[in-house]
Amino acid sequence: MSTTTEPTDRLFGALPYLLPLVYALPLGIPFLRQFPILSIIYVPLQPLIRLYSFPFAGLIIFFILYAAVVRNSRISHFIRFNTLQAILIDIALILLSIVIQLFGFGGGSLLVETLSNVAFLGTLVACLYAMVQSILGKYAELPTISQAAYSQLPY
């Protein structure tokens, strides 16, 4: 789905994808140790990473974005859709982190590290793709995530 969007809508449509990038960082630590040059991606995100270090910061940000942006019909559909997609990616990461903690309850096995790397790289690619699409003024179509977002934001 393509649309004509204002430059501010494009920017505000891309910004929410920074949150899943920050949330995926702990999953990517083993990967970033092997490829430290990729850590440069996180240099501009340091203020946001520090914000997430406060207790319940992620949960508070989630509720603020959901209540103030996603459910606010005065904000353009484009921004609300992208914000909801970023929230859904965050929820998927939370669930995956729980699964990884259950499997990794005795050390860093190959399965846990592989699952963490896949989650980190998948989040990185999905968020970068969605950010580029948003900046171009297009709706980023992410399998399953977009379908869930469209079902929650029909208008």
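At 4% relative accessibility, A14 counts as buried. Buried means under 20% relative accessible area, exposed means over 50%, and partly exposed is in between, with a 1.4 Å probe and protein chains only. The model is predicted, so local features need pLDDT of at least 70 and side-chain atom pairs count only at pLDDT 80 or more, while totals for chains, interfaces and linings use all residues. Residues are numbered from 1 along each chain as its sequence is written, and side-chain values use heavy atoms, with hydrogens and water left out.

A14 sits in helix α1, which covers residues 7-14. Beyond the residues up to four places away in sequence, A14 touches M131, S134 and I135. Contact here means heavy atoms within 4.5 Å. A14 and L136 are 122 residues apart along the chain. Their C-alpha atoms are separated by 9.8 Å.

G13 is also placed in helix α1. Its relative accessible area is 0%, so G13 is buried. Setting aside neighbours within four places in sequence, G13 is in contact with F78, I79, N82 and S134. G13 and A126 are 113 residues apart in sequence, and their C-alpha atoms are 14 Å apart in space.

## Overall fold

The chain has seven helices and zero strands. Along the sequence the pattern reads α-α-α-α-α-α-α. The radius of gyration is 16 Å, close to the 15 Å that the globule rule gives for 155 residues, so the chain is as compact as a globular protein of that length. That radius is taken over C-alpha atoms, and the globule rule is 2.2 Å times the number of residues to the power 0.38. Helices (H or I, at least four residues) and strands (E, at least two) are DSSP runs, numbered from the N terminus.

Taken along the principal axes, the C-alpha atoms fill a box of roughly 50 × 30 × 30 Å.

## Surface and charge

Of the 155 residues in the chain, 43% are buried. The chain exposes about 8,900 Å², and carbon and sulfur atoms supply 73% of that area. Accessible areas come from the Shrake-Rupley method with a 1.4 Å probe; for residues, only the protein chains shown count as cover.

The chain carries 7 positive and 5 negative side chains. The centres of the two sets lie 5 Å apart. Lys and Arg count as positive and Asp and Glu as negative, while His and the chain ends are not counted. Each charge is placed at NZ of Lys, CZ of Arg, CG of Asp or CD of Glu.

## The nonpolar core

The largest nonpolar core holds 44 residues, of which Y17, L21, Y42, L45, I89 and F120 touch the most other members. Two or more residues come from each of α2 (18-34), α3, α4, α5 (77-103), α6 and α7. Helix α5 gives the largest share, 10 residues. A nonpolar core is a set of buried Ala, Val, Leu, Ile, Met, Phe, Trp, Tyr and Cys residues joined through side-chain atoms within 4.5 Å. In soluble globular proteins, nonpolar side chains tend to be buried together.

Y42 shows some of these links. Not counting residues up to four places away in sequence, Y42 touches L21, V22, L25, L32, I49 and F120.

Y52 lies in helix α3. With a relative accessible area of 16%, Y52 is buried. Leaving out residues up to four places away in sequence, Y52 touches L19, V22, Y23, A57, G58, I61 and D90. Y52 and P20 are 32 residues apart in sequence and 11 Å apart in space, C-alpha to C-alpha.

Y150 belongs to helix α7. Its relative accessible area is 24%, so Y150 is partly exposed. Y150 and S134 are 16 residues apart along the chain, and their C-alpha atoms are separated by 16 Å.

## Positive phi in two loops

Most residues other than glycine have a negative phi. F56 has a positive value, near 65°. F56 sits in the loop between α3 (46-52) and α4 (57-70). F56 is exposed, with a relative accessible area of 63%.

T144 also has a positive phi, near 70°. The loop that holds T144 runs between α6 (110-135) and α7 (145-152). At 58% relative accessibility, T144 counts as exposed.
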